[in-house]
Amino acid sequence: MEPDIITAGLDGSPESLAAAHWAADEADRRGAVLRLLHAWILLAPETPGTPPDRDRNAHARQIVLGAGEAVRERHPNLQLVEELVASEAEPALLRAAEDSRMVVLGSRALGTWESFLLGDVSLDVVSRAEGPVVLVRDGRRAAAPEAGAAGPPQRIVVGMSLNAPCDRLLDFAFDAAARRRLPLQAVHGRPLPVNAYAPWGADPDAAAEVTAEATGALHEALRPWCARFPDVEVELTVLPESPTRALVQSVPGAALLAVGRRRHRPFLAPRVGPVAHAAIHHATCPVAVVAHD
């Protein structure tokens, strides 16, 4: 059986190098092949004997070679494929996604809690790739925790909808938790009905009833996966909030956040749903967007 391929898209930025390192760790964990891919539409044909100072591909080639050298320092035995292709980035990444276990891209942010500045290429790949797409920030931009501060425990977080099955998302999240030997936190937001509110705030009894009902439904949805992955410790988090607010409140400290994306969305609807959009723009940990039916 051929090993899986994990593709990291490179553009020469610190964020794409962080994505390459994350992808290398994941490939090592899975025994997969890491493909480092850089697409440059102006790539010139190779001419033997071209002096280095006249090589029009030198910068593009250095992006791939530099990332490869950095990855090999940490993973000297990792099987590595370096690809430099003459193409626009989006189609090159979508083609690579067809035979990849996942595609890993860098995402830019100005500060720890500021939104991702997600470019059109990344958004198009996230919204069109059939397999998981993981967005990784440059770790050097994250603010250091305060001395002596105890943060939330490391875990995998998965944002759950109970409107329809999401098997591919759950398979990805449970597998990620099992491979890392981390607990899995399943988060579901269930807004309160309008009649649960009063001028002085939400009715606590109504909130408790809605939360209990959603917790039972979430438990049932996860039951087959808990049986399939018995070694994964699972925590259920149900909040009387919108799904986006519940997820943003729950994700700090996570090692990885997994959210779903419906393959078939209504005509003229946004390319990704509101939960995935919130995760992409507000989570500071790596975010995996998993397409499912």
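At what angle do the axes of helix 5 and helix 6 cross, and within what distance do they come? In this predicted model, the two axes cross at roughly 40° and come within 11 Å. Helix 5 covers residues 167-180, while helix 6 covers residues 204-228. The crossing is right-handed.

Let's look at who meets whom here. Helix 5 brings Asp167, Leu170, Asp171 and Phe174 to this contact, and helix 6 brings Ala221, Leu222, Trp225, Cys226 and Arg228. Sorted by class, the contact has six nonpolar residues, three charged ones and no polar ones.

On the helix 7 side you will find Pro243, Thr244, Leu247 and Val248, and they meet Pro274, Val275, Ala278, Ala279 and His282 of helix 8. The classes here are seven nonpolar, two polar and no charged residues.

**The whole chain**

Stepping back, the protein has 293 residues, and 46% of them count as buried. Its secondary structure consists of eight helices and 12 strands. Among contacts with a separation of 6 or more, 78% join residues 24 or more positions apart.

Beyond its neighbours within four places in sequence, valine 104 is in contact with Ile6, Thr7, Ala8, Gly9, Ala19, Trp22, Ala23, Val134 and Val136. Alanine 18 is 86 residues away from valine 104 along the chain, yet their C-alpha atoms are separated by 9.7 Å.

Is valine 104 buried or exposed? Buried means under 20% relative accessible area, and valine 104 has 0% relative accessibility, so this residue counts as buried.

| Residue | Relative accessibility | Class |
|---|---|---|
| Valine 104 | 0% | buried |
| Cysteine 166 | 6% | buried |
| Cysteine 285 | 9% | buried |

And how many disulfides does the model contain? The count comes to zero, where a disulfide would need a pair of cysteine sulfur atoms within 2.5 Å.

Technical notes
Residues are numbered from 1 along each chain as its sequence is written. This is a predicted model: local features need pLDDT of at least 70, side-chain atom pairs count only at pLDDT 80 or more; totals for chains, interfaces and linings use all residues. Side-chain values use heavy atoms; hydrogens and water are left out. Axes are lines fitted to C-alpha atoms, for helices over the stretch in contact, and angles run from 0 to 180 degrees between N-to-C directions. Helices (H or I, at least four residues) and strands (E, at least two) are DSSP runs, numbered from the N terminus. A crossing is left-handed if the near helix is turned anticlockwise from the far one by less than a right angle, and right-handed if clockwise. Contact means heavy atoms within 4.5 Å. Ala, Val, Leu, Ile, Met, Phe, Trp, Tyr, Cys and Pro count as nonpolar, Asp, Glu, Lys and Arg as charged, and the others, Gly among them, as polar. Buried means under 20% relative accessible area, exposed over 50%, partly exposed in between (1.4 Å probe, protein chains only).
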